[in-house]
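Here are my notes for your review. Please keep the model open while you read them.

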Amino acid sequence: MAASVHGGRTGNLPAESNAFVGRRLELSRIEGLLGTARLVTLTGPGGVGKSRLALRAADAAKGGFPGGTWLVDLSELRDADLLTNAVAQATRLAEQTLRPLLDAVCEHLAGAPLLLVLDTCEHVLDECARIVQELLGRVPELRVLATSRQPLGVAGEHLLTVGPLPLGERDDAVALFAARAVAAVPSFVLSDDNRARVAAVCDRLDGIPLALELAAVRLRGFPLDRLLEGLDSRFDLLVSPARPRPARHQTLRTAIGWSHELCTPLERLLWARLSVFAGGWDLEAAEFVCHGGPLDPEDILTLLASLTEKSIVTREGEETAVRYRMLDTVRSFGAEWLTGLGEREAVARRHRDYFRWIARQGEAEWLGPGQRMWSERLTADHANLRLAMEACLAAPEPETALELAGTLWYFWFACGFAEEGRGYLERALERAPDGSGPEHSLAVWAHRLVTVVPDDLEAAESVSAAYVWLAEERRLPVPALPLTGASLAVRGESARSALLYGSGAQAPAGDGGAEFFQLLTLALQAYLLASQAAFERCAAVAERLRADCAKRGELWMRAWGDFFVALSGIGLGRADEAVGSAREALAAKWRVHDRLGAAAVADLLVAAQATRGEPELAARLLGVSGRLWHTAGLPQLGSAGTTVFRREYERRLRALLGDARFATAVREGRELDPDAAVTLALGGARAEEEI
């Protein structure tokens, strides 16, 4: 999946997993509508191919959107209040912001024509309508392409109804069935001999793409004649007369229901239990959540393989990173069966408890060699963590939500989800206003950790200004240091909190939190020593931090050790060494999705390259750091003249380069997409190559 933001950004549209068939007329109409309308909504029943059509149209149109084409998949979203978070995350905006998140999103999206694809809006329809109206009103360059079973009802909305594929022996429905049949059975050939029977299958399934794809897979076990007979004999059986539905919905349920009927009893049971997952899952999760009764954990891998073979489940990834998922329509069918079995509550509770356990495991191992793995694993399971969080908030015991929200401090803080984490922590704390105990203490500490308030910036800027005064008084070689960003990134809640609480403050409960607190104390000590120009002592503390992290195999906090080693190197006149340490810090921060930390390190590289006598590169990096602060959700730290550090280096570099060269270099850096910006800062290497 491509991913970049602003200045050369392309977006995040997924690659097509198989050939796209037909829909030429619809694609042409969407192209025309996107040229004149700012909101285009594709409507139609489930399974008719709205999502696939929208993605194809967005991919075809991306050349006209230099700001990128961005997919926001809402099928996994259960809480409408998180819709703005979903847009922020899809467009690579970190959620660490001092302003309402919607304001930050609007600013983030502004600047170049871009296309936002909101897929599967119907289950959060009202909030979608509100957010789309806000975005269109405040981001004039924006176009929105939405898919929904119902119109959004927003002023200016243009609707395009997506129907089934055209029927007939030479039409798209037959072409789609044949393409999928060849994928399922390579020996299948569409010929004059079987074309009429294929057309009959397509007619029986009303040309609905999902139904055709499910039926084509059945050719692995049935010849074409049997397939057609099976559809004829099962239609009335599989559609309950007690629950009348629209004809197309009945047809789709027939196709899914037949797939269900052809599964073994254990496969059906697993299908039903898998429906509790939001998004995808891995084998371990399926074994824990779905076992019980006749379903043994050791059988689940084989059953998943069988469901994958029957196209009920999709397998993604390779080797240790294998994950599975189901289409939303197929999941909904399984959920109905789970309810009918009377198991929904019990299986949902196992899902909740599994992800509570995962959160605890991640916390215990976060400050160790598995840190990258946990960052990627929890990001992949983000939708499931949200579902577990909502289940905990609905539980009668408030401690359950406090524990999970607090235990995930490392995910909220280090992986770019501070805004969402703060929302969950506040909801959990509101349920226990007079709370006490370790769960409450952990949640309070985690809330401080993920919350930035204006006072934090003011305090950090005061420290930066004090350093500038000190540098002038002592005639230090470095006139300003990037202390504001560093103070926010290594805060206990901020630099101010370090002064208030000191190293004797109580650590939060939990092994992971306690270890983090110890390492954070060293980082804060290094920060305060740097602010006093005590660079030798700062370097010593930073080396101790690096050594403690190295013992654990830890990456995220070690990067702050690298940061302060580099900062001390600049202060001690060892700029070449400082560049190496700063690049190590940046590579690590980018690899674990710490956007705020990456922006702070980019500021440091500005000072290092300027000190080395590379003013043009330093000016480009000033533009890079501005872009990264924007991506981190704190654009005010990357705007011209807004911090003590930026004002000083803008003045210094402008004097060395002249106004025109300085402005050009800064613009070149700022217009890079984030991945390219980080590559420039790393001297041409990618983040993965540096660590």
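Is R23 buried or exposed?

1. R23 is buried, at a relative accessible area of 4%. Here buried means under 20% relative accessible area, exposed over 50%, and partly exposed in between (1.4 Å probe, protein chains only).

2. A word on the source. This is a predicted model, in which local features need pLDDT of at least 70, side-chain atom pairs count only at pLDDT 80 or more, and totals for chains, interfaces and linings use all residues. Residues are numbered from 1 along each chain as its sequence is written, and side-chain values use heavy atoms, with hydrogens and water left out.

3. Back to the backbone of R23. Its phi is near 65°, a positive value in a residue other than glycine. Most residues other than glycine have a negative phi. R23 sits in the segment before α1 (24-36). Helices (H or I, at least four residues) and strands (E, at least two) are DSSP runs, numbered from the N terminus.

4. A533 also deserves a look. This residue is not a glycine, yet its phi is positive, about 65°. A533 belongs to the loop between α25 (511-531) and α26 (535-552). A533 is buried, with a relative accessible area of 13%.

5. Next, a strand residue. V72 is part of β2 (residues 69-73). V72 is buried, with a relative accessible area of 1%.

6. What does V72 touch, leaving aside its neighbours within four places in sequence? V72 is in contact (heavy atoms within 4.5 Å) with A86, V87, A90, L116, V117, L118 and D119. For V72 and A86, 14 residues apart along the chain, the C-alpha atoms are separated by 6.7 Å.
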